[in-house]
Amino acid sequence: MLSMTSEVPNDSTARNPPATTEDVVRAVAEREGVSETDLTPLYHVVDPEALDSMVTHTDTTVRISFDYEGYTVTVEDETVTLEEV
């Protein structure tokens, strides 16, 4: 099983709160070696606004997993992990 972890950068260009849906799409595109626009729109799989809200607007640790583009995507805090399905 392959996995990849992508963390939101912690520097002056990082967004606060992090753009979780963008991190997911970016991580999958990098893993596949394609442009982000070549992927199925994330909203076909999960509600992007709900995902961002659940991860960024809570004081507790949230762990969300879903399948996207042949990967099980797990979002926990500011970390996106990909595992091949």
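A salt bridge is taken here as a side-chain nitrogen of Lys or Arg within 4 Å of a carboxyl oxygen of Asp or Glu. The model is predicted, and local features need pLDDT of at least 70, side-chain atom pairs count only at pLDDT 80 or more, and totals for chains, interfaces and linings use all residues. Residues are numbered from 1 along each chain as its sequence is written, and side-chain values use heavy atoms, with hydrogens and water left out.

Across the whole structure, the search finds 2 salt bridges. One of them joins the side chains of D23 and R26, with 2.9 Å from N to O. An α-helix has 3.6 residues a turn, so residues three or four places apart point the same way. D23 and R26 lie 3 residues apart in helix α1 (residues 20-32), separated by about one helical turn; helices (H or I, at least four residues) and strands (E, at least two) are DSSP runs, numbered from the N terminus. D23 is buried at 7% relative accessible area, whereas R26, at 30%, is partly exposed; buried means under 20% relative accessible area, exposed over 50%, and partly exposed in between (1.4 Å probe, protein chains only).

The salt bridge between E84 and R31 has its closest N and O atoms 3.6 Å apart, and this pair links distant parts of the chain, since E84 sits in strand β4 (residues 79-84) and R31 in helix α1, 53 residues apart. E84 is partly exposed at 39% relative accessibility, and R31 is partly exposed at 28%.

Turning to the helix itself, the buried residues of α1 include T20, V24 and A27, and just after α1, G33 takes a positive phi of about 70°.
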